[in-house]
Amino acid sequence: MLAAGALFGSALLAVPVAAHATAATPPATAREAAAAGLDDPAKKEIAMRLVSSAENSSLDWKAQYKYIEDIGDGRGYTGGIIGFCSGTGDMLDLVEYYTQIKPGNVLAKYLPALRQVDGSDSHAGLDPDFTGDWAKAAQDAEFRKAQDHERDRVYFNPSVKQGKSDGVGVLGQFVYYDATVMHGDGTDPTSFRNIRKRALSKAKPPSQGGSETAWLNAFLDARVWAMKQEEAHSDTSRVDTAQRVFLRKGNLNLDTPLDWKVYGDSFHIG
């Protein structure tokens with residue numbers, strides 16, 4: 001956005017100063033529209049806190065770098081700020097990336113085991129020390145940066161990009177992000193892309209001339225269906241008493257204050 005602004009300003013250098021001053025300040029609505037993205041730092045912080053409320057029952061998402069446990073969902077160990085899983089490949093990708101930037105780290109020795117258990121819920125080669133070593137790694141700023149990097153590469157950036165392509169605002173981009181965090185974007189029927197495909201049979205996104213509210217309702221209907229296909233995800237409150245609440249209020253920009261519930265717990269961002 002800054003680059004575009006710089007180009008705009010330079011194009012006006014030959015114009016009298018008074019005219020330049022007037023043209024250089026776009027209307028407030030235009031500025032707001034330009035800023036409307038989940039990748040805005042303040043909005044991204046809100047997104048991280050919302051996901052943490054669902055994943056960890058806490059708004060303190062930065063405390064979750066060290067989190068790791070097997071939650072019994074068939075994905076092996078779940079750990080870190082967005083729930084990297086030993087059984088789905090993203091934990092393996094994370095540790096591989098961490099080892100690229102910091103060879104010989106405390107988790108590097110688990111790479112053969114992580115490759116072996118990928119696609120299963122097995123702990124073979126990981127127990128008994130993997131969880132303790134994960135917590136040790138979380139004290140390392142490089143491991144925390146690696147988690148941020150993989151979160152953005154695999155989940156956050158693709159979700160925001162798709163949301164902007166579909167013409168949805170900050171709330172819609174968050175809805176996409178939360179779905180991708182839980183379901184991934186693979187080829188299985190409950191993946192993000194297939195949730196979106198299911199929604200397309202009921203409504204059109206704004207980029208295709210549809211109503212944003214109707215589209216997001218259709219997407220959330222499809223998301224709830226996907227969640228109910230798995231016992232571990234059958235509690236749909238992160239949609240019903242969180243995202244739906246914001247949508248019903250017409251808060252498409254995810255503006256604060258925000259009040260919601262997940263799994264019966266109440267949360268607030270002022």
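1. Overall make-up. The model is a prediction, and its chain of 270 residues has 46% of them counted as buried. The secondary structure comes to 12 helices and 5 strands. Among the contacts in the chain with a separation of 6 or more, 55% are accounted for by residues 24 or more positions apart.

2. The nonpolar core. The largest nonpolar core contains 70 residues, and those with the most contacts inside it are L38, L107, F130, Y177, F219, L254 and W260. As a general background, nonpolar side chains in soluble globular proteins tend to be buried together.

3. Helix α7 and its buried side. The buried residues of α7 are F130, D133, W134 and A137. They lie on the same side of α7, because the arc they cover around the axis is only 105°. These buried residues pack against β1, β2, α5 (90-101), α6 (111-117) and α8.

4. D133 forms a salt bridge with K136, and the closest N and O atoms of the pair are 3.7 Å apart. Both residues lie in helix α7 (residues 130-137), 3 residues apart, which is about one turn of the helix.

5. Salt bridges between separate parts of the chain. A search of the whole structure finds 20 salt bridges, and in general, side chains of opposite charge can pair when their charged atoms come close. One of the bridges joins the side chains of R75 and E230, at 2.9 Å from N to O. This pair links distant parts of the chain, with R75 in the loop between β1 (68-70) and β2 (77-79) and E230 in the loop between α11 (212-227) and α12 (237-248), 155 residues apart. R75 counts as buried, because its relative accessibility is 16%. Another bridge is formed by D166 and R196, whose closest N and O atoms are 2.9 Å apart. D166 lies in helix α8 (residues 141-166) and R196 in helix α10 (residues 192-200), so this pair ties together parts that are 30 residues apart in sequence. D166 and R196 are both buried.

6. K44, D148, R151 and D152 are linked in a network of salt bridges. R151 is also touched by M48, whose other contacts, not counting residues up to four places away in sequence, are W61, I81, I82 and Y177. M48 is found in helix α4 and counts as buried because its relative accessibility is 2%. M48 and F156 are 108 residues apart in sequence, and their C-alpha atoms are 10.0 Å apart in space.

7. The largest pocket. In general, rolling a probe the size of a water molecule over the atoms shows where empty space is left. The largest pocket holds about 780 Å³ of space. Of the 38 residues that line this pocket, R75, G83, V181, M182 and H183 are the closest to its centre; R75 is also the partner of E230 in the salt bridge described above. At least two residues of the lining come from each of α4 (41-56), α5, α8, α9 (170-183) and α10. Which helix supplies the largest share of this lining? That share, 5 residues, comes from α8.

8. The search of the whole structure finds 1 cavity of 30 Å³ or more, and the largest cavity has a volume of about 60 Å³. The largest cavity is lined by L50, S53, A54, F174, D178, R238, A242, Q243, F246, W260 and V262. Two or more residues of this lining are given by each of α4, α9, α12 and β4 (258-262), and the largest share, 4 residues, comes from α12.

Methods:
Residues numbered from 1 in each chain as written. Predicted model: local features only at pLDDT ≥ 70, side-chain atom pairs only at ≥ 80, totals over all residues. Heavy atoms only, no water. Core = buried A, V, L, I, M, F, W, Y, C linked by side-chain atoms within 4.5 Å. Buried < 20%, exposed > 50% of the residue type's maximum accessible area, 1.4 Å probe, protein only. Salt bridge = Lys/Arg side-chain N within 4 Å of Asp/Glu carboxyl O. Arc of directions from axis to C-beta. Contact = heavy atoms within 4.5 Å. 1 Å grid on protein atoms, 1.4 Å probe; cavity = no way out; pocket = protein on both sides within 12 Å on 5 of 7 lines; lining within 4 Å. Points joined across faces, edges and corners; volume = space filled by probe spheres on them.
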